[in-house]
Every structure is written in C-alpha cells, then in structure tokens.
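Please look over the sequence and the structure shown here. The text that follows goes from one local feature to the elements around it, and then to the chain as a whole.

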Amino acid sequence: MKKKGLIVLLLLVVMIGSIALSGCTLVKLNSDRQAGRVMATVSYEVNVTSQEAAEMLAKIGITDFSVGGEINRRELLSSTNYSINSMASLYEQYSMTYNYDFKTVLGDTLDSLVANNYYVLRAIEYLLNNSSTERLQSMYMFCRPDDYKAVYGNKLSVEGVLTMSEWYSAVGSVNSTLQTMLDGYVESKEDGVRNDRISAADNKISEYYEQGYFVSDVYLVKNVDLEEGEEATEAFKNAAEEKGKVVVYDEDGEKYVSGLYVGDKGVVLTGKVDSDDSATDAPASSELDYNEVYAAIEMTKKNGGDVVYVPRPASEASLSIARVTDADFAGKYIRTRSVTVSYSGRVYAEKTEDNDSGYTSKTFTSDAVEYKVAFPRNALEEKAEEIDYLEKKEVRYAIKDTWNEFYTYIAKEGNYDSEKKELVTENNDNYAALDDKKKELYKGLASLYTAPFTMTYSGDDKNVKDGYRQLRNTLSSAGIGFVESEPADKNSAEYASYKYYSGIYDYYNEQFRSVSLDAVKYEIGLAVKNDPAKKVSDNEVLLSYVAKVSQDKAKYDSLSYADQIDKFFSNTTSIDGVYYVPMKALSELTYEIDPNDKSYKALFTFNPDKTVSNYNSTYVTKTTDGKYTMKYIYENGDGTYTINAFFVGALLFSFGNDEDINNAVKIDNGKLVSVAGYSDLSEEKQVELLNKLVDQLETRAQITEDGTLQEEVTEIDQLYGKEKKFVRTIIDEIKNAINGKNHDEILEVFKKYMAMYNDDSGKLNEPGYLITSGDVKDSWAMADFPNGAREIYYNLLAGGVNPNEAVANVFGEGMTYYGLHYMMVTFAPYYRVKLMEINIDGEKCYALPMDMAYNLAGDTQAAKIREGLEEAKISSEYSAWQASFEEETINSATVKNDKNYKSLIKDIEKESKR
C-alpha cells in the first residue's frame, strides 16, 4: 500500500505563507470563482459506540452524525506552492536545485489533503468513543451547547469534540497568526507614512527654493504635544541661542518644535543595547528610535530676513551616533551617547561659467544631542519555559462548571490582565484567597483563555485602521470563507458563525481540525502511560540506560587515565550527558596538595608556627616522603562514593563597574589590565592588591521582576536603582538575609542577589560552574577563584556536612582580575552517591545511578529516558492508528472532481508557457 506524506498545517499559515513566498507559483491568476472549485470531497458517517457519549449527544439534540470536508482549488494550490517553495529553499541551502514534476507534486499533495481530511473525520469518532467521562463532560458541545447549536444545529463537528481548553488553544493559535500579520501591516503603514512625510518635506523645501530660500542650518527636534502657534513654556534652546522665539510648527496634524532642543542637554532619549561596548572606540548600535526624531531644516534668503523651518523625518542614514567619552555615567551599564543629523541642501553661490544655477550643495550637520544608553546585565536567570498547560489533565479536562467559576473570577476587576492575558497575582487579595490547586488551575485556564480575533477597529489611529483593512483584504483574497460584513439574516448559521468568530470561522475551523489530531495523540498517550501492557517498563528504561553507559564508556577506552579524568570532568556547566564513571582512573591516580593552599586548609590542623599538626585521614594521605595527597574519588564504607567535584554559583562584582576604580587603574572591557607594578607581583600579592580595590568597589542593583529583567524598559531608573552601595555592604546584606533559612531558601536568596548584581558576562547557569580538584585542566582566569570555591566545599566535608543541605559556611570568595567572585556551593551531585555496577562485554563497570538528580530541578536520567521512550511509543501508536485506515478505505470515502482537477492541470500548463 502506497502511503502519502501527511499534511497537517494550519490552513491560514499555508494560504498566507504561499502568497508571501517569492518562489514558484503554479497559477498566479486565481479568481474567487475558480478558487472555490471543489477538487475532492471526503465524507464519513460517525459510528458512536460509546453509550455515555450517545446519551449526551441525544440530550442536546445532536442527531446528524454525517461529517465531511472539502478540498478546493485554492487550498490545493496553496499547499502545493508551499510544499514546492519549502523544498526549493531546503535544496538551496545545499547549493542544489529542486527539480520536480508538477503533476506528481500536485497529485501527492491532493492525496495528502484527502488523507488528512479523513483522519480528522475519524478523529471525531475516536474522541467520542474513547473518551473518559471527564473528557466528554469537558467537550465544547457539552459545555456550550447553545453556542454550538447556533452554528451547527443538530450536526456533529470537529469543533464540538474538542475540550474547552483545546478549543481556546486553537482560537489562540489563529489569533496569534492574525495578530502577527496585523502588526506587520501596521508597521509597514507607519513606514509608508514616514516616507510620505519625507517626500512632502522635500517638496516643501523645493517650493522654498523656488521662492529664493536657501538652507542655512539643520537641527534635531522631537515631536511635542503643543498646539500650532503655541509658545513652549519650558526652556527650549539651541546651541547658539539666537534663533528667536520657540513656536510649534504644524504639518499634516503632527506637531514639532522648530529647530530647538529641549532643556540644557538636548532631547534625552533612552536606548538599549545587548552588550557592553567599552572595548571598542565606536559605540555599539544603541537602538535609538530614529522614527521619533525629526530634523528641522532652517531656510533663509540670500540677504537674510524671514526664517522658515521645514520639519523633515530623520532617516536612519542621516543620523550619526558617537560616544561622549568625558560624560558622567553610572558604572559600565549606562553610557552617554550623542547623535547628530545631517542634511545636504542648496546654499547661495554666485553664477559663473561653470555654475549657472546660482547655488551649490552643502551638507549641514546639527549640533549634537545627548541621550542615555542602558546596558542591562545579562547575567540573569532565564525565564522559566512557558508551561504547556494542555499537558495538565485537570486543565485540558476542565468542565463547564469549572470554566464558569473561572469566568466569574476573571470578571472581577483587578483579577485578570487582558493585555498580558494572565491572572493578576501580585498584591491581589482575591488571588491570595484561592487554594494552591485552584491557583494552578486558574493559571492554566488564563493561559488558554482568549476571545476570537476582532476584525474591526474603532480607534483613531489611522495606521492601525488601515492595517485592519489590509488584513481583511488579505484574508478575503485567500478565499477561505472570510465574511467582512455582518450577515443580514440574524437567524442564519452564517450569522452565528460571524457572531462567535468575527466572520473568520473557516480559519478557526481548520485549526480545530489540526487540534483534533493532537487530541487523538494525547488520548493515545494516556492509554500508553496507563495500560500495563503498553506503558514503558522499568526494565526498558534500564536497558536504554545501560546502552547509553556502554556508548559513553567506548569514548574512554583508548584514553590514558589522566585524559579519562579530564574527559569525565569536561562538562563544566552540566552533567546531564555523564553516564560512565572511569573508576580505575579516578581511584588509582592521586594528586599532591599543599596544606597552606586555601583550597585544602580545612582538611588540616596547624601548630602555632603554622606547621601541620594533624590532617583529615578520610580524604588526605601522607606519603613516606612527607607529602600530602588526595584521590579523585572516595569510598565511604556504606556502599556510597564521593567524587570531589561540585557546582558553585558565582556572583561577580566587576572592577569595570566602578568609575572611581576606572579612574585609578586601567580597565579594559571590565578586566583589570594594569596598575602600578601589578604584572610583576606574585598571584598572592595580586590577590591582596585586588582585595584592597574591592574595599572601594561600589555598584547599583539592577531592578528585577521575579529574578528576570523587566521588559519594555523606557527609563534609566526603571533599569537600575538610584542607590549605590559598597560591595562589602551587599555581601553583609546577603549574610543577614539568609539567617534562619534552610538550604533551598538560602539558594533562592543568592539567586535573587545574582539577578540584581552579577556582572558575569554569562547567564546564571543552572546550577553554576563545575569545580574540580587535582590536575584537571581548567581555564579559570586566576587560581584564586576555584581555590575559593574548594575552600567552601572542603570546609563542609571536613565538618561532615552534606553540601546539598548546608545552612552555614556556604559562601566564599575568589578573586580574578575581573573582580571579586562571591560564591556559594549550589549543588554537589557526587556527594555520597551509590554508583551502579554494570556488566559491559564481560567487564564490571561503574555508572552514575539513573535516579541521581543531575541539576537543581531534580531531573534524573531515568525520568528523561522514560519520557523519551514514552514519546516514541505514543508516536508509534498514533502512526498505527492512522495506518489502520487503508488507502482503499480512504478512497472509498472520497469523491474527486476529475473535471475540476483536469481544468487546474490545464491552467497550470498554460501558466508555464507565459
């Protein structure tokens, strides 16, 4: 049996996407009449075998179980064009040409669309007959029977068998696509309006040229909210202070200050960049919104007299940005920039043989206007991944009463943010009164809840209004049933469709169809997870894990012991890919330690003369020649092992963050590069000197929201607090903040301070940086940093304290020439861990246990493997469900319109000859 490739795409995306793609288009001329011609019809009579479902359908009056779908010419062409152009783009990446026979592609696409339509119809049957009571009660047709019947009457539909949550998910997906399209049209319109204003200004300037005016200067100006002719009350001025009174110039309803700056320092704009640019002379792109900037072109006649100003939008190319090197700045995170605008215009010139025009061209550059640029710290925690609430059964199966409770809750003022489409949780008494289970449920419903897209706009913004017009035109041209105006017959199904879906029902319906297949896969997934005969067994997980250990081991077999150790510790920010433990290498190699090294001091006791009086024999061995050594791995006597590697979170207080230190020593890109005699000092003396600099070091907190950078920053004070603090003061704050807290609470405090103050150029890694011991290769900027981390760890081990539970002595310091690293042991995954013993090819090997957490979130290899095996089984079962419908069965449910199909082939052949 020949199976066709399945097309499961949101029709809206395919339709619009095929229009947008610039590649092949099989037929360009495609009138609405032609576009609607049916290529194939797929029909099916749903057989409801579930007694519960049948009774529920009868109760709301659903009696017609015939369902069907049509593939029209436009859908077939759009999908085919989309497929051809996608393949062509893929081939182009490999410098290849995609050659195809259009009849083959067209036929395969039609077969795929037919198959997809049939699967959707069978999905209706599957979801009715295989749903639990919970799912049936949460279906759209049973939660909103009146709304449903207003559109479908007594007929079954794919929309009806979706749960309410799935329904909202589908609506939200379409809304998102439509909103993206609308935003693009509005932005394009705004760009067009600006270009029109530039043309209008150039025409105005040409008119003044004809009247004998010449360009005499150019100024940067900014849009202001004053009436035409109204004098500004605040102090406007330009650099020369000789241009007379300030008046507002009105042009096409937009108001501008003519030729003058706002305040002593000019127009203050706030830009934002992604990275610090202190290492280069040229400033980084500062996201200065040139759309907010206008140039006032000053014009006078040859002999002076009247002065006129023409406001002209500044183009990006006309602006020049420079660094203000001698300006004050708040640490390395806020810079002062200056911007100038240039304009090339006519100036008077005596007529000569070579120049009979009476003018020549000259480029004028405005005085500079200063503005601020904010450099956000990027060492923040990443925002938590958006939760897929549809994966939560209680959300997906929320029934009518639950939704009604939710509607009532969000209807109360202050409970729901309609802009962000989420619950208002901060300082909200109503939210605080909910129990934890209901809070989580309501969050899930809020993440899905959305009204169908509004296709009209009643505001005053002409650009937005025109954007909606363009969107409606585009949707109409796609020919998928868009209804622009309200149908006259208020009792018709067409009107009900318009009422509930703003006249674009077919777009939503196509997504309902796609979501129905996702729903089938979800239900199949539940069966796989709950059916003892199908669910992933513990033995399957174990076998998969052993295979990964074997694959990992193979990478070690040809390496020396030293290289095996380096490899084992090579994953410096994550151990989620570590399986095999090279036991022989870790246990047989030892390394020498210095008792006076701060890394290991906690393992020794000293005499008054600083000689060693005793040592911790659990971890330290004294050799016959009086040296002290340690191993990489220790057996604890209770069947567990401790491997001396751990993670630290490191809060960097950078020298480049303080202007006083910048003035005292040379800092390059936040890194100390010179101070008197610094490079000639020993590392110990360098650390001593750097610690003295730390005593002078100040910084400011970055304002955060839930540990992440606030979005839409528009003012400097919204990014950084005004109060500067000494670093030592901040460290004292941290110590005070953890008083009486458990280990997990201490870690949260530390994360909060990292979000506010960390100057590390990288993100706050999860769970931090891996610190090892011995001769393991590393790339730390100075040994004092890892030494300081080890000092914390071995101090805990010497006291018999589990580093993962410690509440005291959890912080330490390490210095590099970047600054002070204030550290905490965040995670010690190898502390007292029970290794697995595995036989691989007759050899006893060791591996990390499957149930060992490999990150702070508590994720384990066993859970990750189980999830992967489950997903594979679910996909296999879903594919088997589709494969159960033979091609002959699908064909018997399908009527193809050969006449319309042949007509399309003929049109394509005509098109290809043009």
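Helices (H or I, at least four residues) and strands (E, at least two) are DSSP runs, numbered from the N terminus. The model is predicted, so local features need pLDDT of at least 70 and side-chain atom pairs count only at pLDDT 80 or more, while totals for chains, interfaces and linings use all residues. Residues are numbered from 1 along each chain as its sequence is written, and side-chain values use heavy atoms, with hydrogens and water left out.

Helix α4 covers residues 73-93. The expected span of a helix is 1.5 Å times one less than its number of residues. For the 21 residues of α4 this gives 30 Å, and the C-alpha atoms at its ends are 30 Å apart, which agrees. Buried residues (under 20% relative accessible area; exposed is over 50%, partly exposed in between, with a 1.4 Å probe and protein chains only) in α4 include R73, R74, L76, L77, I84 and N85.

N72 also belongs to a strand: V38 stands opposite N72 in β2. Strands pair if DSSP finds at least two bridges between them. Seven bridges connect β1 (residues 38-45) with β2, and the two run antiparallel. They are part of an open sheet of three strands in the order β2-β1-β37, with antiparallel pairing. At its edges are β2 (66-72) and β37 (894-896), each with a single partner strand, so one side of each has no neighbour in the sheet. On average, neighbouring strands here are turned by 15 degrees against each other, direction ignored. Helix α5 (residues 102-129) packs on this sheet and touches β1, β2 and β37, its direction making about 25 degrees with that of β1. Contact means heavy atoms within 4.5 Å. Axes are lines fitted to C-alpha atoms, for helices over the stretch in contact, and angles run from 0 to 180 degrees between N-to-C directions.

Another open sheet of three strands has the order β17-β36-β35, again with antiparallel pairing. Its edge strands, β17 (580-581) and β35 (836-840), each pair on one side only. Five bridges join β35 to β36 (residues 843-847), and E837 has Y846 in β36 as its bridge partner. Helix α17 (residues 538-554) lies across β17, β35 and β36, at about 75 degrees to β35.

Next come β9 and β10. Strand β9 (residues 293-301) pairs with β10 in the antiparallel sense over six bridges, and A295 has R312 in β10 as its bridge partner. Their hairpin has six residues between the strands, and G304 there takes a positive phi near 80 degrees. Six of the six residues of β10 (residues 308-313) are buried, so the strand is largely enclosed by the rest of the structure. V308, V310 and R312 point one way from β10, and Y309, P311 and P313 the other way.

Helix α24 (residues 784-798) reaches 20 Å from its first C-alpha to its last, close to the 21 Å expected for 15 residues. Because 12 of these 15 residues are buried, α24 is largely enclosed by the rest of the structure. Just after α24, G800 has a positive phi of about 70 degrees.

Over the whole chain there are 27 helices and 37 strands, and 48% of the 914 residues count as buried.
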